[in-house]
Amino acid sequence: MERYSVFGLIKHALSYHENWQKTWRSPTPKKEYDVVIIGGGGHGLATAYYLASRYGVTNVAVIEKGWLGGGNTARNTTIVRSNYLWDESAALYEHSMKLWEGLSQDLNYNVMFSQRGVLNLGHTLGDMRDIQRRVNANRLNGIDGEVLDAQQVKEIVPIMDCSSNTRYPVLGASWQPRAGVARHDAVAWGYARGADRLGVDLIQQTEVTGLNIKKGKIVGVHTSKGDIGAKKVGCVVAGNSGVVAGMAGFKLPIESHPLQALVSEPLKPILDTVVMSNHVHGYISQTDKGDLVIGAGIDAYNGYGQRGSYPTVEHTLQAIVELFPIFSRVRMNRQWGGIVDTTPDACPILSATPVEGLFFNCGWGTGGFKATPGSGDVFAWTLANGRAHPLAEPFSIDRFYTGSLIDEHGAAGVAH
Amino acid sequence: MFYIHCPYCNERRSEEEFHAKGQAHLMRPANPEEASDREWGDYLFFRDNPRGLHQEMWVHAAGCRKFFNILRNTVSYEILETYPMGEQSSVLAEMTAGRERGEPRRAAGAVA
């Protein structure tokens, strides 16, 4: 596998860029693997990459029913941050943030990680108290954060209406300068390329149709292209987790909802940070291409249709236009929905299951993109060692029976 | 965008008047004092999440404010039936009866 570098770019320019290697192979599946990962999205590919690069397990296959990174990885709004309230989730997301900070070098692939800062706005006294509490908790956990008042917010985002004339005036915000955005497709492609280089088989256009379980232990998967044996199976299928759990004969505390987002026509640079508001329900950033990327809350009903309802879009845009009157005539280019796997406490499930050798990484709900590297690393460790990584221990399915939930509705909220 | 028939108002109204309230026909443990942690966990947190037909509770929030049940396909988003609280889905009953008689599945109700 050739490394990407400026010299390579010059070399290939001389042959009109016609001789670049394929980024990854398209292998025929082997009979058996040490680890089979179901789901070739960001989290699944990151898991495969870290299994091979950090934990020495290279006999790995990733099985994807569509194409790599074609699900929620390509449908999110690319926000990366780690300012979560509780110790358990803060540790997990901050682990991820630290991996983000060196990811482009690690993968030799530019994931365009841009630490442009994230503002979480507060519009009521209650909001502001929550923000103060969360920022204090963050700082105790070694995560950067500041509480800003309306004037300071205005200095960071001059185009935002921070006056007291709005229906829900901006009173202040929490500010995480290390947070930002990354290029979502590049993350999937970078991990895929890295994993492939280390010998992982990426098997696309192959759907898992059943699990081969013998005496309570997983021995392989049935796929649309025949049976594949596996010593361990990691399931990283987001919205379809409940379907795979059904194949294994148990239930998950997960409901799948449509989550919508939309992008505008490209504009000249106007917004150089990420603004999100739980209270008026919307978040917005601008891509390097110039599009405004806008998202909000889930549609409240269960759905697998990768589409949602129009009133949710309308509600989102009302909030955005209220905050940014200057955007009121921006035209929207595209709108889409992804299927998010939400849990009752807005925290993921990284867990062993009643089936020996079968592990689930799911329930990331509306905020999984930011966790891609951390989730992959922690889940790879879990698969390699056959037990939960210390950071993953609090996120077992058992918490819904013991009652030790990690309620992140405040930090997860609408903010993804 | 849904148009939903409220079985109480007996009118077909737009989705904005309604809120989805999750899975229908959940039974609270009959003897709460004797329910185990497992039973409580299942009752509180574990829900059906089918890719296909789903029975859900909705509320006509901006109308009569009453709760009712919907039988809906979570893939095609087709609403097959709405029926009042305390009743069971007649469409689902008819489909089950039809299957027992050996009839092929109705296309609209087929799980995608």
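## Where two chains meet

Buried area is the accessible area, found with a 1.4 Å probe, that two parts lose on being put together, summed over both. In this predicted model, chain B and chain A bury about 2300 Å² between them, and 54% of that area is on carbon and sulfur atoms. On the side of chain B, the residues that lose the most area to chain A are Phe45(B), Phe46(B) and Asn49(B), which together make up 32% of what that side buries.

Which side chains meet in a salt bridge? They are those of Asp48(B) and Lys251(A), at 3.0 Å from N to O. A salt bridge here is a side-chain nitrogen of Lys or Arg within 4 Å of a carboxyl oxygen of Asp or Glu, and the rule finds one across the interface of chain B and chain A.

The rule also finds 14 residue pairs in polar contact across this interface, with both residues at pLDDT 80 or more. A polar contact is a pair of N or O atoms within 3.5 Å; within protein, one must be able to donate a hydrogen and the other to accept it, and residues adjacent in sequence count only if both atoms are side-chain atoms.

## Two residues with positive phi

Now for some loops of chain A. His281(A) has a positive phi of about 70° although it is not a glycine, and its place is in the loop between β13 (274-277) and β14 (282-286). The strands are DSSP runs (E, at least two residues), as helices are (H or I, at least four), numbered from the N terminus. With a relative accessible area of 30%, His281(A) is partly exposed, a term for values between buried (under 20%) and exposed (over 50%), using a 1.4 Å probe and protein chains only.

Ala346(A), also not a glycine, has a positive phi near 60°. Ala346(A) sits in the loop between β16 (332-342) and β17 (349-352) of chain A, and is partly exposed at 21% relative accessibility.

## How to read the model

Residues are numbered from 1 along each chain as its sequence is written, and chains are lettered from A and ligands numbered from 1 in the order in which they are written. Local features need pLDDT of at least 70, side-chain atom pairs count only at pLDDT 80 or more, totals for chains, interfaces and linings use all residues, and side-chain values use heavy atoms, leaving out hydrogens and water.
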